[in-house]
Amino acid sequence: LMGQQDLAPSQYLYLPVLEDCDCAFRSYDDAIAADIMPGSIVFLKKNDINAIIPGGMYVIVSSNFVLLRRVRIVTNDDNSRELLLEGSNGIYDSLRVAIDQVKAVFRVVGTLRMF
């Protein structure tokens with residue numbers, strides 16, 4: 001016979017309350033480790049580029065890369081706009097990408113840190 005102690009869970013999984021998301025992936029990016037720990041599952045919602053909230057966490061897709069970064073919008077002297085993609089740990093430089101180079105934008109709606 002199994003005792004009550006044998007039936008006790010050995011681990012717990014805490015799921016965050018999330019709005020609807022379109023996809024999820026496991027992030028191993030240490031450039032944003034201060035915000036999202038490597039190994040965390042990141043939940044994403046497809047977003048319009050004009051609906052970016054400056055300072056928010058987004059996955060930016062271009063023909064050259066797919067990056068998870070904190071995003072800000074920069075207006076240049078010629079009134080062209082770029083996205084400034086910032087890391088959070090200070091190791092990696094920020095990256096600027098022209099808006100017309102962006103193929104897709106996904107907003108981070110939640111993360112699940114796996115212990």
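This is a predicted model: local features need pLDDT of at least 70, side-chain atom pairs count only at pLDDT 80 or more; totals for chains, interfaces and linings use all residues.

User: What makes Arg-107 and Glu-19 a salt bridge?

Analyst: The closest N and O atoms of Arg-107 and Glu-19 are 3.0 Å apart. The cut-off is within 4 Å, between a side-chain nitrogen of Lys or Arg and a carboxyl oxygen of Asp or Glu, so the pair qualifies. By this rule, the count comes to five salt bridges.

User: Why is the pair of Arg-107 and Glu-19 said to tie together parts of the chain?

Analyst: Arg-107 sits in strand E7 (residues 102-112), while Glu-19 is in the loop between helix H1 (4-7) and strand E1 (23-26), so the parts they tie together are 88 residues apart in sequence.

User: Good. How do you know whether Arg-72 and Glu-86 form a salt bridge, and where are they?

Analyst: Their closest N and O atoms are 2.9 Å apart, and the limit is within 4 Å, so Arg-72 and Glu-86 form a salt bridge. Arg-72 belongs to strand E4 and Glu-86 to strand E5 (residues 81-86), 14 residues apart.

User: What about Asp-35 and Arg-70?

Analyst: This pair is a salt bridge too, with the closest N and O atoms 3.1 Å apart. Asp-35 lies in the loop between E1 and strand E2 (41-47), and Arg-70 in strand E4 (residues 66-75), so they tie together parts that are 35 residues apart in sequence. Asp-35 has 37% relative accessibility and is partly exposed; Arg-70, with 22%, is partly exposed as well.

User: Now the sheet. How do you know that E4 and E5 pair?

Analyst: Pairing needs at least two bridges between the strands. Six bridges join E4 to E5, so they pair, and they run antiparallel. In one of these contacts, the bridge partner of Thr-75 is Arg-81 in E5.

User: Why are E1 and E6 described as edges?

Analyst: Seven strands form an open sheet in the order E1-E2-E7-E3-E4-E5-E6, with antiparallel pairing. E1 and strand E6 (95-98) each have a single partner strand, so one side of each is left without a neighbour in the sheet. On average, neighbouring strands of this sheet are turned by 45 degrees against each other, direction ignored.

Notes. Residues are numbered from 1 along each chain as its sequence is written. Side-chain values use heavy atoms; hydrogens and water are left out. Helices (H or I, at least four residues) and strands (E, at least two) are DSSP runs, numbered from the N terminus. Buried means under 20% relative accessible area, exposed over 50%, partly exposed in between (1.4 Å probe, protein chains only). Axes are lines fitted to C-alpha atoms, for helices over the stretch in contact, and angles run from 0 to 180 degrees between N-to-C directions.
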